[in-house]
Amino acid sequence: MYYGRGFDFLVIRFEEGITLYDCLLKGIHIPKQVIEDVDNAINYVLGKGLNPRDIHLKNILLQEGKAKLLDVSEYMKPGNDKRWEYLKEDIRNITTCLMEEPFRIDNRDCT
C-alpha cells in the first residue's frame, strides 16, 4: 500500500513474511501454491497493461503459504528479463531436492 512520497523516498506499508531467498537459505519448504500465485499475479498485471519484470527471490514474500510480490518499480519498463521463468524451474528442482533424502556434493553432507 502506498502512503505518500517525498523528494527521494516512498512511504509504503511494511509486509510481514519471509522472502523466497531466505526460504532457500534456511531450508524452508516453498509450497507449489507460491508458484501458482506468482503466475496468477503476473497474468493479472499483464491484464492491467503493465510489464511484470524484476521478479526474483528477494521480491517474493511467503505469507501463510501464499506468495506476495514486492517491488513493482520496473513494471513500466519494456522487455522481458525472463527472471521468473528461470526461477520457477529452479524452485521446483530445489524444493524437490529438499523433500528427498539428504544428498552429498564433494563429499560434504548437504542436509
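This is a short talk about how one protein chain is arranged in a model of its structure.

Hi everyone, and thanks for coming. One thing before we start: the model on the screen is predicted, so please keep that in mind as we walk through it.

Let's begin with the overall layout. The chain has 111 residues, and 27% of them are buried. Three helices and seven strands make up its elements. If you read from the N terminus, the order is β-β-β-α-α-β-β-α-β-β. Which contacts count for 61% of those with a separation of 6 or more? They are the contacts between residues 24 or more positions apart.

Now to the sheet. Have a look at strands E3, E4 and E5, which form an open sheet in that order, with antiparallel pairing. E3 and E5 are at the edges and have a single partner strand each, so one side of each has no neighbour in the sheet. As a quick reminder, strands of a sheet pair through backbone hydrogen bonds, and the pairing can be parallel or antiparallel.

Let's go through the pairs. E3 covers residues 18-19 and E4 covers residues 60-63, and two bridges join them. On that side, Ile18 has Leu62 in E4 as its bridge partner.

H2 lies across E4 and E5, and runs at about 35 degrees to E5. Leaving aside neighbours within four places in sequence, Gln33 is in contact with Gly65 and Lys66. How far apart are Gln33 and Lys66 in sequence and in space? They are 33 residues apart in sequence, but 6.3 Å apart in space, C-alpha to C-alpha.

On to the nonpolar core. The largest one has 16 residues, and those touching the most other members are Leu20, Ile30, Val38, Ile55, Ile60, Trp84 and Ile91. Helix H1 (20-26), helix H2 (32-47), E4 and helix H3 (83-99) each supply at least two residues of this core. Which of these elements gives the most? H2 does, with five residues.

Beyond its neighbours within four places in sequence, Val38 is in contact with Ile55, Ile60, Ala67, Leu69 and Trp84.

Last stop: the aromatic rings. A pair of aromatic rings is described by the distance of the centres and the angle of the planes. How many aromatic pairs do we count here? The count is zero, taking ring centres within 6.5 Å as the limit. There is still a ring to look at, though: Lys58 lies over the face of Tyr21, at 4.5 Å from the ring centre.

Note on methods
Residues numbered from 1 in each chain as written. Predicted model: local features only at pLDDT ≥ 70, side-chain atom pairs only at ≥ 80, totals over all residues. Heavy atoms only, no water. Pairing = 2+ DSSP bridges. Helix = DSSP H or I, 4+ residues; strand = E, 2+ residues; numbered from the N terminus. Core = buried A, V, L, I, M, F, W, Y, C linked by side-chain atoms within 4.5 Å. Buried < 20%, exposed > 50% of the residue type's maximum accessible area, 1.4 Å probe, protein only. Contact = heavy atoms within 4.5 Å. Phe/Tyr/Trp six-rings, centres within 6.5 Å; stacked < 30°, edge-to-face > 60°. Lys NZ or Arg CZ within 6 Å of the ring centre and 35° of its normal. Axes fitted to C-alpha atoms, helices over the stretch in contact; angles between N-to-C directions.
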